[in-house]
Amino acid sequence: MDHEEEFLNIFFTQITQLCFDKAKELVEKERESCKSTQMGPWGMLLMHLPQIAVAERSYADLGFLHTKNKGFLRKDNSLKTMYESLKADLKRVEEMTRGTNSIGATVAEISSQLCQFINARTQLIDFYEKMYNMSINNKVMRHQELLLSIEGLIECHLHSCSHISLNTIKTAIMLECEILSHLIRAYIEIQNWKFLPSLMALYGVQTRMSAWERTLQNRETWKLGFGATFLKANQQPALYQWLIKLKSAILAKFSLYFHVTLSQQASSGEMRSIMSKQAIDYYHKFQTFQRKHDLLAAVLIFDSRGMQDYGPGYQHPKRDCDNPDDFSIILSIPQNFSQKPFTHWDIMKKNIKERYADLIVMDKIIFSRDSNNFRIYAMHNLDPRVTFVVVYETCSKQKDKDAHVVTFITDVCLQMRCNKIFESLKLTK
C-alpha cells in the first residue's frame with residue numbers, strides 16, 4: 001500500500017472510531033512532513049480532511065437536527081450546508097488533480113468517492129428530518145414509506161466508496177442505514193403481528209448495533225462541556241444513543257404483542273424478570289391499570305381481514321389457517337377473560353366492524369355500550385390493524401372512570417407508537 005493510501009486508511013479508521021482530534025492531529029503532522037509539496041495534489045486533499053472530521057463529529061452528535069437559530073442576516077451554518085460546501089471543495093480538487101500523476105490520480109479518485117460519501121450523509125440527514133416531520137403533533141407515521149426510503153438509500157450507495165482507504169467509513173454508513181432499515185422493518189412486522197419476521201428483524205438490528213459498538217470502543221472521551229452532561233457516565237454519541245432508545249422501545253412493544261408466545265418459553269418468574277428489564281414493561285402496566293380501576297378487561301385485537309400470513313408463531317405457507325375468523329386476540333388481561341364462554345367477543349367484533357372508518361383514522365377513542373347499558377367498550381386503534389379495547393361496567397362515578405380510561409388509552413398508545421422518540425431527534429441549541 002502506498003504511503004498516501006495507508007495514511008488515508010488510518011485517518012478514516014480514526015473518524016469511524018470517533019477519534020476526531022487524533023485524526024486532525026494526524027493531518028497536521030502529515031502536512032508538516034510534506035511542506036515542499038504542499039500545493040501538489042496530496043497537499044490539496046490534506047487541506048480539506050480536517051473539515052471532514054469536524055462535520056463527522058457534529059453528525060455523530062445529532063448536530064444536523066439542532067433547531068436552527070434564525071436572525072437578521074444570519075449566515076446558514078447548518079451541518080448540511082457544511083457538507084455541501086465540503087463537497088464543492090472536493091469536486092474542485094478532483095477536477096484539478098485528475099490526469100496529473102499517479103498521486104494525482106489517487107487524490108482525484110478519493111475526492112470523487114468522498115463526494116459520494118457526502119451525498120449519502122446529506123440523504124441520511126434528509127431521512128432523519130423526514131422521520132421527525134412525520135412524528136410531530138402525534139401524527140400517524142407512514143413506516144412503509146420510511147422503509148422504502150432507507151432501502152433505496154442503501155441500494156444507491158451499496159457500491160460507492162469502493163476505494164480500499166474508504167472501507168471503514170463505507171462500513172460505518174452501511175451499518176447505520178441497515179440498523180435503520182431493520183428497526184423500521186421490525187416495527188412494521190410487529191404492527192402486522194408477524195412473530196418470526198419481527199424476531200429476525202430485531203436480531204438484524206442487534207448484530208449490526210454490536211458491530212457498530214465494537215468500532216466505538218476506542219473512541220475519544222467526548223468533551224460535552226461542563227455541567228451535568230460533562231459528568232454523565234454514558235459518553236456514547238447522541239446518534240448511537242438515539243438508535244438504542246428506538247430499539248428498546250420497539251423491543252418493548254414486541255414483548256407485549258407476543259407475550260403469550262414468549263411466556264411459553266420461560267417460567268412465570270423468568271418472564272417477569274425479562275419484562276422488568278424492558279424500557280417499559282407494558283404487560284405490568286396493563287395489569288396494574290386493569291386492577292386499579294376494577295375493569296373487566298384490557299384487550300388487544302388484531303384485524304386480519306385480507307391477510308394470510310400473521311400470528312404469534314411460525315406457520316408454513318402451505319398450511320391452512322388455524323383461525324378462520326377475521327379477528328384474533330393478541331392479548332387479554334386478565335388472561336382468563338378470553339378463556340371463559342366469551343360473551344363479549346361478538347360484541348367487540350361487531351363494534352370494530354361498525355366503527356372501522358372512525359378507528360382507522362387513529363385519532364380518537366370510540367365508546368359503545370351493550371344492549372342492557374351495563375357494560376362499556378372503549379376502543380382505540382393502536383396500530384392500523386390493532387384495536388385496544390377496554391371493557392368495564394357502568395358505575396356511580398362514571399365520569400371519573402371514563403376519564404381514567406381515556407387518559408390511559410391515550411398515553412399508552414402514544415408511547416407504543418414511538419412518536420415521542422422520533423420527535424426527540426429535534427434538539428435545541
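Visitor: Which residues does Ser 181 touch, not counting residues up to four places away in sequence?
Guide: Ser 181 touches Leu 147, Ile 150, Glu 151 and Ile 154; contact means heavy atoms within 4.5 Å. This is a predicted model, in which local features need pLDDT of at least 70 and side-chain atom pairs count only at pLDDT 80 or more, while totals for chains, interfaces and linings use all residues. Residues are numbered from 1 along each chain as its sequence is written, and side-chain values use heavy atoms, with hydrogens and water left out.

Visitor: Where does Ser 181 lie, and is Ser 181 buried or exposed?
Guide: Ser 181 is part of helix α7. Its relative accessibility is 7%, so Ser 181 counts as buried. Buried means under 20% relative accessible area, exposed means over 50%, and partly exposed is in between, with a 1.4 Å probe and protein chains only. Helices (H or I, at least four residues) and strands (E, at least two) are DSSP runs, numbered from the N terminus.

Visitor: What is the mean pLDDT of the chain?
Guide: The mean is 87, and 87% of the residues reach 70 or more. pLDDT is the predictor's confidence in each residue, from 0 to 100.

Visitor: Which elements have the lowest and the highest mean pLDDT?
Guide: Strand β7 (residues 427–428) has the lowest, at 52, and helix α7 (residues 167–191) has the highest, at 96.

Visitor: Where does pLDDT stay under 50?
Guide: One such stretch is residues 70–74, for which the model has 1 contact beyond four places in sequence. Over residues 221–233 the pLDDT is also below 50, and that stretch has 14 contacts beyond near neighbours in sequence.

Visitor: What is Leu 49 in contact with?
Guide: Leaving aside neighbours within four places in sequence, Leu 49 is in contact with Phe 7, Leu 8, Phe 11, Phe 12 and Val 27.

Visitor: And Tyr 392, where is its place?
Guide: Tyr 392 is in strand β6 (residues 386–393), and at 0% relative accessibility Tyr 392 counts as buried. Tyr 377 is 15 residues away in sequence and 6.9 Å away in space, C-alpha to C-alpha. Beyond four places in sequence, Tyr 392 touches residues including Leu 295, Phe 367, Arg 375 and Asp 402.

Visitor: Which peptide bond is cis?
Guide: The bond from Ile 333 to Pro 334 is cis, with omega near 5°. Pro 334 belongs to the loop between β3 (327–333) and α13 (345–354).

Visitor: What is phi of Leu 18, and what is phi of Asp 294?
Guide: Phi of Leu 18 is near 65°, a positive value in a residue other than glycine. Phi of Asp 294 is near 50°, again positive in a residue other than glycine. Leu 18 sits in the loop between α1 (3–16) and α2 (20–33), and counts as buried at 7% relative accessibility. Asp 294 sits in the loop between α12 (282–292) and β2 (297–303), and is exposed, with a relative accessible area of 62%.
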